[in-house]
Amino acid sequence: MGKDVIVACDFGCKEDALRFLDHFTEEKPYVKIGKELYYAEGPDIVREIKARGHKIFLDLKLHDIPNTVKSAMAVLSRLDVDMCNLHAAGTVLMMEAALEGLTRPDGTRPLLIAVTQLTSTSEERMRRELLIDRPLDEVVMHYAENARRAGLDGVVCSPLEAAEVHAACGKNFLTVTPGIRFADGQIEDQVRVTTPARAKEIGSDYIVVGRPITRAADPVAAYRRCVNDFVG
Ligand code: C5P
């Protein structure tokens, strides 16, 4: 599977998102639509960006009882997204139900990726609030293995974890990695960041890049720099 750069379209409304995408007259970047834009505009924003020729990663991080997730995934599948995700904390049973819902009558389906532990969750909070005593990286790898066992295609993780995930789950198990910054760029609120070139070395399959592209003076140049450094 080819490596790609996914642009996080974290905008609050359709006008801002489309104005940003209008910069791209040659390339059609893979676009991530998250909760903010999706809840503001609904499924039409997915159809509209898809109709412009972009692949879509719909980042809604589903987590519910298996039957509800299965039905919701069937809806996302009909929406013709290319990639979607859920929380591995929903258990193997929920992940299997999600895959079932996502699979179209002709056997095709979007890629399904699991969120292991959100990078905003600290080991200390997991222990104190969630009563999860194991080290964070052990929990992340265990959740990744659960996702693989359930038949999912990969996980969202830090690029720094990509090599370990591939070692545990196989090289074809996808790692989709945010937390990407240029060496000469702003880190903002991210904590553990990696450059596109380093993410490539560690073995990420997809990098997810938001502000370094969306807030760049020249978004197309920033996107091309990511592609050049990551895909080569
Ligand atoms: O602007 P920036 O490059 O930091 O955007 C990263 C994107 O990846 C955002 O949409 C953010 O919500 C998402 N993300 C993340 N860290 C995670 C999971 C998702 O930054 N662990």
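**View 1. The largest pocket of the predicted model has a volume of about 1,200 Å³.** A pocket is an open set of points on a 1 Å grid over the protein atoms alone, where a 1.4 Å probe fits, with protein on both sides within 12 Å along at least five of seven lines; its lining residues have an atom within 4 Å of a point. Among the 41 lining residues, Thr119, Val156, Pro178, Gly179 and Gln190 are the closest to the centre of this pocket. At least two lining residues come from each of strand 2 (30-34), helix 2 (35-41), strand 3 (56-62), helix 7 (136-150) and helix 10. The lining comprises 15 nonpolar, 12 polar and 14 charged residues.

**View 2. The ligand takes up the space of the largest pocket.** Strand 8 (206-209) and helix 10 (211-214) are the elements that give two or more residues to the shell around the ligand. The shell consists of 5 nonpolar, 3 polar and 4 charged residues. Residues around the ligand (a heavy atom within 4 Å) include Ala8, Pro178, Arg181, Gln190 and Gly210.

**Notes.** Residues are numbered from 1 along each chain as its sequence is written. In this predicted model, local features need pLDDT of at least 70 and side-chain atom pairs count only at pLDDT 80 or more, while totals for chains, interfaces and linings use all residues; side-chain values use heavy atoms, without hydrogens and water.

Key:
Sits in = over half its atoms within 2 Å of the grid points. Helix = DSSP H or I, 4+ residues; strand = E, 2+ residues; numbered from the N terminus. Nonpolar A, V, L, I, M, F, W, Y, C, P; charged D, E, K, R; others polar. Points joined across faces, edges and corners; volume = space filled by probe spheres on them.
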